[in-house]
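Notebook open, model on screen. I'm jotting down what I look up as I go, beginning with the ligand.

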Amino acid sequence: VSPVWLPGDPGGPERAVAGKAVQSIQTSLERVAKKQLKDRARGGQTAGVQDYGQPGHSQSAADAAKSADLVVEAVVENLELKRSLYRQLDSTAPAGCLFASNTSSLGIAELAEAADIRRLHFFNPVPVMRLVEVVRTPDITEAAFNQLLEFSRSLGKSAVPCKDTPGFIVNRLLVPYLTEAVRMLERGDATAEDIDTAMRLGAGHPMGPIELADYVGLDTTKFIMDGWHAKFPNVELFKPSDMLNKLVEEGRLGRKTGQGFYKWD
Ligand code: CAA
């Protein structure tokens, strides 16, 4: 899309958010470029972040969708916000444009009245995590499903097909595990540091569960568990955690707010 905003441009809160997003994409690209391109030279010059192209940005969803083949929506898990966004996207997107939501907890049928939404589920940090869950929603055509598989593979990811069940594969296993670790901490069975060290060294996980809950966002973790608890109130594993609720209430949401269970720089 054509840039309507440039980093460094003063402006309102939307611009500040757009600025942060662009900055974070650029930092991420630089990390990827540094890793992948460090030994490659082109025309006597070392290849760099420019080899990946510049990310476009726009403050208008309707403008951004005008020439899109595929839209991957990944805004915060708020149904009304997502609905309003899909209305804007749907007003200008070309016929045949595929809409895919990254939502991990909302029902696909609720998301939009008009637009036909698919599910593609990426993982944090997206540039590093090699998985995409491609969800077989009941009404999806074979052609649309295959397009999503192909798109995910074209990004260099492994695409795993799965059914449209709560949490799909990863979150159904991961989110209860993170919450169980919080309950362990709540009971005083072990410290946060010891739980994390144990799972890193004893189970070979790159991050321990308490650190990972901070990384994913405590609000996100709570939001997913609350949704499942409302749907399945008798499942012990989905019951709320007082400690998690308290931290979220205090605005300690993890890495994104600089503090959760841990302090983050
Ligand atoms: N962008 C680009 N590259 C990045 C990056 C980012 N945001 N974050 C890390 N990297 C790259 C680094 O450049 C680094 O590359 P080098 O090996 O060349 O140095 C590499 O990834 C490893 O990074 P670090 O050395 O900084 O740190 P690390 O080795 O501790 O790895 C981690 C960091 C990849 C985040 C790792 O700790 C990890 O895999 N953690 C678990 C993440 C996880 O489980 N994610 C799923 C969350 S669940 C979810 O997302 C779904 C949901 O809906 C809740």
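Helix 1 gives the largest share of the shell around the ligand, four residues. My helices (H or I, at least four residues) and strands (E, at least two) are DSSP runs, numbered from the N terminus.

Ground rules before I go on. This is a predicted model, so local features need pLDDT of at least 70 and side-chain atom pairs count only at pLDDT 80 or more, while totals for chains, interfaces and linings use all residues. Residues are numbered from 1 along each chain as its sequence is written, and side-chain values use heavy atoms, with hydrogens and water left out.

**Entry: the ligand**

Which residues come nearest to the ligand? I find Ser28, Arg31, Lys35, Asn124 and Asn171, out of 19 residues around the ligand. I call a residue near if one of its heavy atoms lies within 4 Å of the molecule.

Next I looked up polar contacts, here pairs of N or O atoms within 3.5 Å. Serine 28 has a polar side-chain atom 2.5 Å from a nitrogen atom of the ligand. Asparagine 124 uses its backbone: a polar atom there is 2.7 Å from a ligand nitrogen. For asparagine 171, a side-chain N or O atom is 3.1 Å from an oxygen atom of the ligand. On its own the ligand has 1000 Å² of accessible area, and the protein covers 67% of that; areas are Shrake-Rupley values with a 1.4 Å probe. Helix 1 (13-36), helix 6 and helix 8 are the elements that each give two or more residues to the shell.

I also sorted the shell by residue type: 12 nonpolar, five polar and two charged. In this sorting Ala, Val, Leu, Ile, Met, Phe, Trp, Tyr, Cys and Pro are nonpolar, Asp, Glu, Lys and Arg are charged, and the others, Gly among them, are polar.

The bond joining asparagine 124 and proline 125 is cis, with omega about -10°. Proline 125 sits in the loop between strand 5 and strand 6 (131-136). Most peptide bonds are trans, and most residues other than glycine have a negative phi.

I then noted phenylalanine 168, which has a positive phi, near 50°, without being a glycine. Phenylalanine 168 is in the loop between strand 7 (158-163) and helix 6. Is phenylalanine 168 buried or exposed? It is buried, at a relative accessible area of 5%. My cut-offs are under 20% for buried and over 50% for exposed, with partly exposed in between (1.4 Å probe, protein chains only).

**Entry: helix 6**

I checked the length of helix 6 (residues 170-187). Its 18 residues should span 26 Å at 1.5 Å a residue, and the end C-alpha atoms are 26 Å apart, so the two agree. The expected span is 1.5 Å times one less than the number of residues.

After helix 6 comes glycine 188, with a positive phi near 80°.

Serine 241 is worth a note here. I find serine 241 in the loop between helix 9 and helix 10, buried at 3% relative accessible area. Setting aside residues up to four places away in sequence, serine 241 touches Thr179, Val182, Arg183 and Glu186; a contact is heavy atoms within 4.5 Å.

Histidine 205, in the loop between helix 7 and helix 8, counts as partly exposed at 29% relative accessibility. Beyond four places in sequence, histidine 205 contacts Tyr177, Met199 and Arg200.

Phenylalanine 223 of helix 9 is partly exposed at 34%. Glutamate 77 is 146 residues away in sequence, yet the C-alpha atoms are 8.2 Å apart.

Valine 216 lies in helix 8 and is partly exposed at 28%.

**Entry: whole chain**

I count 10 helices and seven strands. Of the 265 residues, 35% are buried. Among contacts with a separation of 6 or more, 59% join residues 24 or more positions apart.

Key: Polar contact = N/O pair within 3.5 Å; in protein donor to acceptor, adjacent residues only side chain to side chain.
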